[in-house]
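Student: Could you take me through one part of this structure closely? I would like a single connected account, with the cut-offs spelled out.

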Amino acid sequence: MIINAQTLRGIFVAFNTLFNKAFADVAPLYTQVATVVPSSTSEETYAWLGDIPMMREWIGERELQNLTASDYTIKNKKFELTVALPRDAVEDDKLGVYNPSIQMLGQSAALHPDQLVFGLLGDGFAQKCYDGKAFFAADHKVGNKTVSNKGTDKLSPESYAAARASMMSLTNSKGKALNIVPNLLVVPPALEGMARKILLADQIDGTTNTLKGTAELLVVTELAGKDTAWYLLATNKPLKPLIFQERKKPVFVSKTSETDDNVFFANNYLYGVDSRDNAGFGFWQMAYGSDGSKA
């Protein structure tokens with residue numbers, strides 16, 4: 001194959017088509033647990049994260065609610081993935097061998113938010129949220145009360161029911177019910193069997209399963225390795241438990257000029273994808289996590 005500007009442009013168009021199709025064919029899971037928030041700068045501050053206000057009877061003047069209780073900030077990060085195409089492969093017309101690499105770029109870009117969001121969920125027992133406590137903690141402050149959204153029990157019908165009751169019993173700092181009803185049980189592959197038993201079985205140990213259908217099940221491969229931890233989430237509110245902050249969507253790019261160092265010195269054309277984004281925590285009240293460490 002003769003290499004010229006027209007040839008390189010045609011290769012880019014073909015690779016870009018492969019990339020976009022592979023990207024579109026992937027069904028990532030992060031939107032089930034995270035609210036996608038557009039970003040227009042290097043970081044976003046979620047000052048309104050704090051106590052969850054509720055409607056009250058209007059007696060006297062309006063009562064202003066504090067919506068600036070937090071300085072929780074999510075900083076955007078840059079991410080990339082790049083592959084090298086040998087110039088000799090273009091000359092020898094062997095581009096088809098490299099098509100899977102371009103398709104993998106598309107799939108990896110599409111699944112990148114899953115890695116960020118579910119990685120953050122798995123680290124929620126250590127990483128801090130807007131109130132300065134770990135997202136899953138036993139000592140969140142709500143008014144004069146200390147509230148827990150963290151457990152240590154292994155996943156079982158009993159521990160699941162207790163977590164569900166705990167979330168549904170939450171109130172704000174004024175004692176008003178938050179009306180949180182969890183609707184999604186998130187587990188690693190190792191707990192899929194028990195989770196299906198709790199949510200789908202008609203009977204458990206010969207007794208009618210009253211928990212059947214109380215939540216949907218989401219099995220997440222990114223949680224593999226933390227095989228005892230499980231998470232109960234309320235994803236039916238305007239803000240989901242997690243936030244995916246998007247500054248720049250994934251873009252397919254190339255570096256193929258004959259004067260580029262990668263071509264001149266290494267005899268390689270470069271193709272890649274890059275994005276700017278990050279993930280963070282929303283309201284801890286929308287989530288319950290157990291590390292499953294209790295024997």
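Predicted model: local features only at pLDDT ≥ 70, side-chain atom pairs only at ≥ 80, totals over all residues.

Tutor: Tyr72 counts as buried because its relative accessibility is 14%; buried means under 20% relative accessible area, exposed over 50% and partly exposed in between, with a 1.4 Å probe and protein chains only. Residues are numbered from 1 along each chain as its sequence is written, and side-chain values use heavy atoms, with hydrogens and water left out.

Tyr72 sits in the loop between strand E2 (43–45) and strand E3 (73–75); helices (H or I, at least four residues) and strands (E, at least two) are DSSP runs, numbered from the N terminus. Leaving aside residues up to four places away in sequence, Tyr72 touches Glu44, Thr45, Tyr46, Leu49, Lys128, Cys129, Tyr130, Gly280 and Phe281, where contact means heavy atoms within 4.5 Å. With Phe281 there is also a polar pair: a polar atom of the Tyr72 side chain lies 2.9 Å from the backbone nitrogen of Phe281.

Phe281 takes us onward, to strand E14 (residues 268–281), which pairs with E13 in the antiparallel sense over 11 bridges; two strands pair if DSSP finds at least two bridges between them. Within that pairing, Val253 stands opposite Gly272 in E14. Strand E13 (residues 242–255) also pairs with strand E1 (residues 34–38), here in the parallel sense over five bridges, and Val36 stands opposite Phe244 in E13. Strands of a sheet pair through backbone hydrogen bonds, either parallel or antiparallel.

Among the contacts of Leu242, not counting residues up to four places away in sequence, are Val33, Ala34, Phe135, Gly280 and Phe281. Leu242 is also one of the residues, with Val33, Tyr160 and Val186, that touch the most other members of the largest nonpolar core, which has 57 residues. Such a core is a set of buried Ala, Val, Leu, Ile, Met, Phe, Trp, Tyr and Cys residues joined through side-chain atoms within 4.5 Å. Helix H3 (residues 99–122) supplies the largest share of this core, five residues.

Note on methods: Polar contact = N/O pair within 3.5 Å; in protein donor to acceptor, adjacent residues only side chain to side chain.
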